[in-house]
Amino acid sequence: MLLWCPDWPVLAVEIVDGVPATGSVAVLHANRVVACSAPARAAGVRRGLRRREAQGRCPSLTVVDHDPGRDARAFEPVVAAVEEVVAAVEVVRPGVCALAARGPARHLGGEEAAAERIVEQVAQACAVESQIGIADGVFAAGLAARTGQVVPPGGTPGFLAGLPVEAIGRPALADLLRRLGVRTLGDFAALPAGDVLARFGFDGALAHRLAAGYDHRPLAVRQPPADLTVTAHHDEPLDRVDAAAFAARVLAERLHDRLAGHGLACTRLGIEAVTAHGQELHRVWRHDGLLTAAAIADRVRWQLDGWLSGSTGRPGSRPARPTAGIVRLRLIPDGLLTRGGLQPGLWGEAGEERDRAHRALSRVQGILGPEAVVTAVLGGGRSPADQTRLVPWGDERLPTRPAPPPLPGAPPLPDVSLRRGVSPLPGVPPLPGLSPRSATGGPSPAPPWPGRLPPPAPAVVLPVPLAATVHDAAGEPVMVSARLVVSAAPARLCVGGSDPAEIVGWAGPWPLDERWWVPAEARRRARFQVCLADGAALLLAVQAGRWLVEAIYD
């Protein structure tokens, strides 16, 4: 049993983009018509026409580009409507779906009654016109759906025998068969299978099998997803945090039990709430591991606390509080994974220390809030401060910027320090590719993050850079020009009000000009690495004529 929606790409344009299918509409791919509406066909537009010829036949033609994703999205509600009547549906392509006819026929009183029931369901649920064909195979059922026929069992070869070879859907093969005198599918099916394989190859043998009324594969039906969402309705609106927290814990346990019954766990949790005034609230919480019942309850409680109190826990951020209490609460699991138990190790339980730490940190979060415990996530960036992002414990650990991939087999990059003869800090390699001119006189290869500090990374990155002053041996301030020319060799460093420290080694400058296209976020500076007489190593930066201490090396 195959359901076919005529001119589905045109209907998908109407459903998604609002272009009425009652007008002259054509969907084009590679400058050729792949589908058109009934008024366009009445004006002479046909599949395969070029755009200019189609517009010449129908000057009022509305042309739309073909979008397979749009067709699939628009067809999903149709498949869902079919699954409300029958199960085990296979989507052949957007606009066509197939299912085994025996089950619906026995359940709904016959094949014709089942077909009428499915067509009626699609029309009522989606306002889409459809036709159904029934035959012994998907290919024959698709041809029968064009005219709404029901081919009796065993009558498929006779039904196909009188159809032209063009119905096989392979224009090149059909043209060759025509020139060989084979004009119908029955004539093609009468040829010996071995000779067809030897003359036309595997694709011709497959077409020969379809012409004989046989399918080349069984139905690949899809299983409808289990409804794992849990919903709670409250006669009395929840407007207090303590009452909402109690309801959240009960709902979280229900969700966890339902997931456990299917052997699943979720990594993302959608929380939906509807107030007595009809206001809808929705948030999604992410987790780097599997959400337990307690973790689900904590996140629902935190979200309800934020909604009902009008606070998110961040200073200066107070969204508007709902105008009424919550009457419906819904939890939607997402990011489902198979829940597998951990196998004990040979010398103790696997992950026991990690689980104990996870429980302790989650307990602190439950008392102080989700952002009371944060962990660092390393990523990409040009400065040490940009390469670290703090995320709440348990949230998905995604960096703000992608980290640069390794470069296997890349040759070593040359030293591009502007001042030759100056050794960099012990154990700290020079920054590659940052200087306007390299030691070889040519441009250096650019890494994925041009201007990124190479390893080793500084041990301490200061949250707020410290103001400093740098002087030369004569006591004059050291300046860096716009062309990265250092006025004199740095000799002494003074951080804040501390005593001056002698500089015994330095490297730089390395320029950095970021986000110049956004004036409010633009930043231009030059960086130095310095080594002091007491063994300390610092990362300095010059920005707008001011010296800053950004990080400290170990």
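Modeller: Start with helix 12: what covers its buried residues includes strand 8 (230-238), strand 9 (264-275), helix 13 (293-309) and strand 11 (326-338). Helices (H or I, at least four residues) and strands (E, at least two) are DSSP runs, numbered from the N terminus. Contact means heavy atoms within 4.5 Å. The model is predicted, so local features need pLDDT of at least 70 and side-chain atom pairs count only at pLDDT 80 or more, while totals for chains, interfaces and linings use all residues. Residues are numbered from 1 along each chain as its sequence is written, and side-chain values use heavy atoms, leaving out hydrogens and water.

Biologist: Which residues of helix 12 are buried?

Modeller: They are Ala-244, Ala-247, Ala-248, Leu-251, Ala-252, Leu-255, His-256 and Leu-259. Buried means under 20% relative accessible area, exposed means over 50%, and partly exposed lies in between (1.4 Å probe, protein chains only). In the chain of 554 residues, 39% count as buried.

Biologist: How do you know that the reach of helix 12 is close to the expected 30 Å?

Modeller: The expected span is 1.5 Å times one less than the number of residues. Helix 12 (residues 241-261) has 21 residues, and from its first C-alpha to its last it reaches 30 Å, close to the 30 Å expected. After helix 12 comes Gly-263, with a positive phi near 70°.

Biologist: Which other residue has a positive phi although it is not a glycine?

Modeller: Asp-7 has one, of about 55°. Ala-30 also has a positive phi of about 55° without being a glycine. Most residues other than glycine have a negative phi.

Biologist: Where is Asp-7, and what makes Asp-7 count as partly exposed?

Modeller: Asp-7 sits in the loop between strand 1 (2-4) and helix 1 (8-17). Its relative accessibility is 24%, so Asp-7 counts as partly exposed.

Biologist: Why is Ala-30 called exposed?

Modeller: Ala-30 has a relative accessible area of 64%, and is therefore exposed.

Biologist: Why is helix 1 called roughly perpendicular to helix 4?

Modeller: The two helices pack at an angle of about 85°, with their axes 9 Å apart. That angle makes helix 1 roughly perpendicular to helix 4. Axes are lines fitted to C-alpha atoms, for helices over the stretch in contact, and angles run from 0 to 180 degrees between N-to-C directions. Under 35 degrees counts as roughly parallel, over 145 as roughly antiparallel, 65 to 115 as roughly perpendicular, and the rest as oblique.

Biologist: Which residues make the contact of helix 1 and helix 4?

Modeller: Helix 1 supplies Trp-8, Pro-9, Ala-12, Val-13, Ile-15, Val-16 and Asp-17, and helix 4 supplies Arg-70, Asp-71, Ala-74, Phe-75 and Val-78. By class this contact has 9 nonpolar, no polar and 3 charged residues. Ala, Val, Leu, Ile, Met, Phe, Trp, Tyr, Cys and Pro count as nonpolar, Asp, Glu, Lys and Arg as charged, and the others, Gly among them, as polar.

Biologist: What makes Ala-276 count as partly exposed?

Modeller: Its 45% relative accessibility does, so Ala-276 counts as partly exposed. Ala-276 lies in the loop between strand 9 and strand 10 (280-286). Setting aside neighbours within four places in sequence, Ala-276 is in contact with Pro-237, Ala-324, Gly-325 and Val-327.

Biologist: Why is Ser-487 called partly exposed?

Modeller: Ser-487 has a relative accessible area of 47%, and so is partly exposed. Ser-487 is in the loop between strand 14 (460-471) and strand 15 (492-495).
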